[in-house]
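Welcome! Please take a moment to look over the sequence and the structure below, and then read on for a short tour.

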Amino acid sequence: MNDKNFFYVAGAFLVLVVAFSMRKTEYQEVKELPSETLSFDSNVLPSVLKPPSRLSENEEMPELASPRRFSGNKSRK
Amino acid sequence: MIYRVPTRYEELTLVIKVFTESPQSIRIVVEDEDQSNTCFTNRYKIVDGESIFFVRMPVSGNNALVSIYNEDNGNVSSDNDNSFQVKSISKEQLEKKLDVIDFANPLVRSFVNFATRFSYNAGSLNSGNYTSDDQKFMIKYMPIIEDGGQEQTTPARIDTETGIIEVSKKQFLDFSVPNRMAILLHEFSHVYLNENVDDEVEADLNGLLIYLGLGYPRIEAFEVFAKTFMNAPTEQNKERFDQIKNFIDNFENQNTFLHQ
């Protein structure tokens, strides 16, 4: 393949890539939702969205991060 | 009418273009298809002509159900409502301003991760005590928050000595994911960011800085503070709301807002 043909092919490929990336995706309207929600398995979630750990009933409370300043007066904000 | 949009757990902005031939109140609701009680926005606008809804989603599920409907007619299929047209639904990159967030602070990094995971899953979590991975933070997810048998109107509160956050499940179920994030970041700020632990406005603004920097939507921040203040309509809360509005407006315009 000579240089000119190579550039034609590369250019055509580039045009196709740009055209496909600009194509708007049509989302289908959902006419009917399932009558029952299937039980959700949180194991499928990525790590940044997995549920946080739940302490069991007898589990000791951890030592949490120290508040920035101790006001000396117990309060809830 | 409802559309299924694959969001694939990505950060994105949903762009929804709607057209009406006369003024119509059009509502947009975006929910997670798989997780119950997990809503990303529930907003409306009077549309006259063409209008665009931008729904910022720093967090999303695998698929979103996007409901778009005329409030006068309810959420019916397109065959049964020709008062508006959905011109397009598309996904764009989410704009964030991470440089305003102090991610060098390990507590900020840890809490943002914890709050994100709690907020996304709160619709399906059982009541109980939840901790961050590094066990630096804990949320007591309670059916309601009460003192002496009396239910409290606040959706969440933090103990300034221990750092334990109490959250009302009854209220959180009705809040969107962004609403939940705004509330948790406010509580975190009281104890871990504020100069004055008692300053509510300082906590509002410290929390909002992180919230907006992460790319969460403004309207849901306004909404959650308005809901909370309506339960306690004091002069102080009215001033708080004005300060919050100024802060958000200035953040969008990249102006500096000083709170003293």
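## A buried glutamate in chain B

B:Glu200 is buried, with a relative accessible area of 17%; buried means under 20% relative accessible area, exposed over 50%, and partly exposed in between (1.4 Å probe, protein chains only). The residue belongs to helix α4 of chain B, residues 200–213. Helices (H or I, at least four residues) and strands (E, at least two) are DSSP runs, numbered from the N terminus.

Which residues does B:Glu200 contact, leaving aside neighbours within four places in sequence? They are A:Lys77, B:His186, B:His190, B:Gln236 and B:Arg240, where contact means heavy atoms within 4.5 Å. With B:His186 there is a side-chain polar contact of 3.1 Å. A polar contact is a pair of N or O atoms within 3.5 Å; within protein, one must be able to donate a hydrogen and the other to accept it, and residues adjacent in sequence count only if both atoms are side-chain atoms. B:His190 is 10 residues away along the chain, and its C-alpha atom is 7.5 Å from that of B:Glu200.

## How the model is described

This is a predicted model, in which local features need pLDDT of at least 70 and side-chain atom pairs count only at pLDDT 80 or more, while totals for chains, interfaces and linings use all residues. Residues are numbered from 1 along each chain as its sequence is written, chains are lettered from A and ligands numbered from 1 in the order in which they are written, and side-chain values use heavy atoms, with hydrogens and water left out.

## Where the two chains meet

In the interface, 37 residues of chain A contact 58 residues of chain B. The two chains bury about 4300 Å² between them, and carbon and sulfur atoms give 56% of this; buried area is the accessible area (1.4 Å probe) that two parts lose on being put together, summed over both. A:Tyr27, A:Arg76 and A:Lys77 supply 19% of what chain A buries against chain B, more than any other three residues.

The count of salt bridges between the chains is one: A:Lys31 and B:Asp79 meet through their side chains at 3.2 Å, N to O. Such a bridge is a side-chain nitrogen of Lys or Arg within 4 Å of a carboxyl oxygen of Asp or Glu.

## Strands across the interface

Strand β2 of chain A and strand β6 of chain B (residues 128–131) run antiparallel, joined by two bridges; strands pair if DSSP finds at least two bridges between them. Here A:Arg54 stands opposite B:Tyr130.
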